[in-house]
Amino acid sequence: MRISTSQIFQSGLSAMQGAQSKLNKTCQQMATGRRILTPADDPGGATQAVHFKAAIKTTEQYQRNTDYAKPKLEYEESQLVALGNAMQRVRELVVAGNNDTYNPENRKIIASEIRQLREDILDLANSEDANGEYLFAGTRSQRQPFVVGDEGSVTYVGAEGPGSVREVDITSNRRIATGDTGAHVFMNIPERSGLLTESVLAPGNSLNGTPGVELKTEVADLQRSLNSAGQTFRIRFEDEGGTLMYKVLDPDGNAVKDQDGALIGGPYTPNQPIEFAGRRVTLTLPNTTPPTLPADNDEILSRPITQVSIFKTLDDIATAFETPATDDTTRETLSQATSMSLRNLDSGLERINEVRTSVGLRLETIDTQTELNDERLVDLNSTLSDIQDLDYAEAISRFQLQQTVLQAAQQTYVQTSRLSLFDFL
């Protein structure tokens, strides 16, 4: 077999290049600490490494989510503690103010403190976290959630309904709410006294949308109001021969009788209250020409209020204490007001405790899951290291061997490159 000079040179060069390439790869592995530099080095291991890296990044994102949610929930918990203390102080003042030994001046002082506590609670409701986001605004965190109207009433304008609270993933199948809406904490408190009712124009009423029409509901008789607590009544207007009459019906359309057994109803006098079942409903109509009156078969619904805000409860009891109780009637009114406020304050405190419990459970869940995620990260990183990290002892031995092979290839090339006929001429 003949071997040409060019073949000898090419063979030696290829041997040196191959040895140099292997040595360079080993050097790169030792410099990076990675056994797998390209997928071609270990296709199966490279695929596994991609999956483990994705799992690590996902778990790290879960940890960042918990780092975001935990301070917000801890701050909310501290605000709820302050809110509960303020509400408990109001309750103590209400109990003290209902004592007959207090005179009107004493009750005015109590009312002043209640109104100050109301302002403190409003400040808590509009509190901001460290990022400048409103704590109880839900997903509308850049907008102040509670605003005070011209009449002093507080309105919630934050997010409500499904999706109103920002949630973060802490595992692949578990999410944690990072807060609570102000509507849930402050506004939608179950009304427990049974004495608070509201009156609304029934659907289809001719007065719907008429400017200047107002409805007001009051407690006229405490005991009878308690007896009818939870019931809904209909006040129907009927035109009988040019005379506007009214009658009080139950939801089924049956006429309601008073305590003497007489049907409740008669000619309607505009802007005058209608009393039944311990309630007093006043329909205020605008002064127009011709006069604005209900039409035939118009109805007003008198129904219990199912929810009451903390702010309304505080406003009502403060107003009651500011009104002098100097006779049996005013003292009875004060007794009604304190009875309603105590029940609704207790309902508000129950809601606060309920939310605090929920926040505490979420914080506990975050702490537990953070520990589990930390353990998972250790396991994932350990497994990934076993797959892709370099065994330095083996790599150093291989490096020395490859270095020796390269030196041998170089020396062999030097020797074989002299085997030419031209050297013998």
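This is a predicted model: local features need pLDDT of at least 70, side-chain atom pairs count only at pLDDT 80 or more; totals for chains, interfaces and linings use all residues.
# A first look at the model

N271 is partly exposed, with a relative accessible area of 37%. The protein holds 8 helices and 14 strands. Of its 425 residues, 39% are buried.

**The protein as a whole**

**Helix α2 against helix α7**

- Helix α2 covers residues 43-97 and helix α7 covers residues 328-388.
- Their axes lie 7 Å apart, and the two helices pack at an angle of about 160 degrees.
- Angles over 145 degrees count as roughly antiparallel, so α2 is roughly antiparallel to α7.
- The crossing of α2 and α7 is left-handed.
- Sorted by class, the residues in the contact of α2 with α7 are 27 nonpolar, 17 polar and 13 charged.

**Helix α2 against helix α3**

- Helix α3 spans residues 104-125, and the axes of α2 and α3 come within 10 Å.
- The two axes cross at roughly 165 degrees, which means that α2 is roughly antiparallel to α3.
- The crossing of α2 and α3 is left-handed.
- On the α2 side, the residues that meet α3 are Q79, A82, L83, A86, M87, R89, V90, L93, V94, A96 and G97.
- On the α3 side, their partners are R107, I110, E113, I114, L117, I121 and L124.
- By class, the contact of α2 with α3 is made of 13 nonpolar, 2 polar and 3 charged residues.

**Helix α3 against helix α6**

- Helix α6 runs over residues 310-322 and packs with α3 at an angle of about 165 degrees, the axes being 8 Å apart.
- With that angle, α3 is roughly antiparallel to α6.
- The crossing of α3 and α6 is left-handed.
- From α3, the contact draws on R107, K108, I110, A111, I114, R115, R118, I121, L122 and A125.
- From α6, the contact draws on F311, L314, D315, I317, A318, T319, F321 and E322.
- The contact of α3 with α6 counts 11 nonpolar residues, 1 polar residue and 6 charged residues.

- T282 sits in strand β12, which covers residues 279-284.
- The relative accessibility of T282 is 14%, and buried means under 20%, so T282 counts as buried.
- Beyond its neighbours within four places in sequence, T282 is in contact with E214, L215, K216, N271 and P273. N271, the residue that opened this briefing, is one of these partners.
- Q307 has its place in strand β14, residues 307-308.
- Q307 has a relative accessible area of 42% and is partly exposed.
- Q307 and R192 are 115 residues apart in sequence, yet their C-alpha atoms are 8.6 Å apart in space.
- Setting aside residues up to four places away in sequence, Q307 touches N188, I189 and E191.

**Loops and backbone details**

- N271 belongs to the loop between β10 (265-267) and β11 (274-276).
- Phi of N271 is near 70 degrees, a positive value in a residue other than glycine.
- N297 is found in the loop between β12 and β13.
- N297 has a phi near 75 degrees, again positive in a residue other than glycine.
- With 49% relative accessibility, N297 counts as partly exposed.
- P290 lies in the loop between β12 and β13 (299-304).
- The peptide bond leading from T289 to P290 is cis, and its omega is near -5 degrees.

Conventions
Residues are numbered from 1 along each chain as its sequence is written. Side-chain values use heavy atoms; hydrogens and water are left out. Helices (H or I, at least four residues) and strands (E, at least two) are DSSP runs, numbered from the N terminus. Buried means under 20% relative accessible area, exposed over 50%, partly exposed in between (1.4 Å probe, protein chains only). Axes are lines fitted to C-alpha atoms, for helices over the stretch in contact, and angles run from 0 to 180 degrees between N-to-C directions. Angles under 35 degrees count as roughly parallel, over 145 as roughly antiparallel, 65 to 115 as roughly perpendicular and the rest as oblique. A crossing is left-handed if the near helix is turned anticlockwise from the far one by less than a right angle, and right-handed if clockwise. Ala, Val, Leu, Ile, Met, Phe, Trp, Tyr, Cys and Pro count as nonpolar, Asp, Glu, Lys and Arg as charged, and the others, Gly among them, as polar. Contact means heavy atoms within 4.5 Å.
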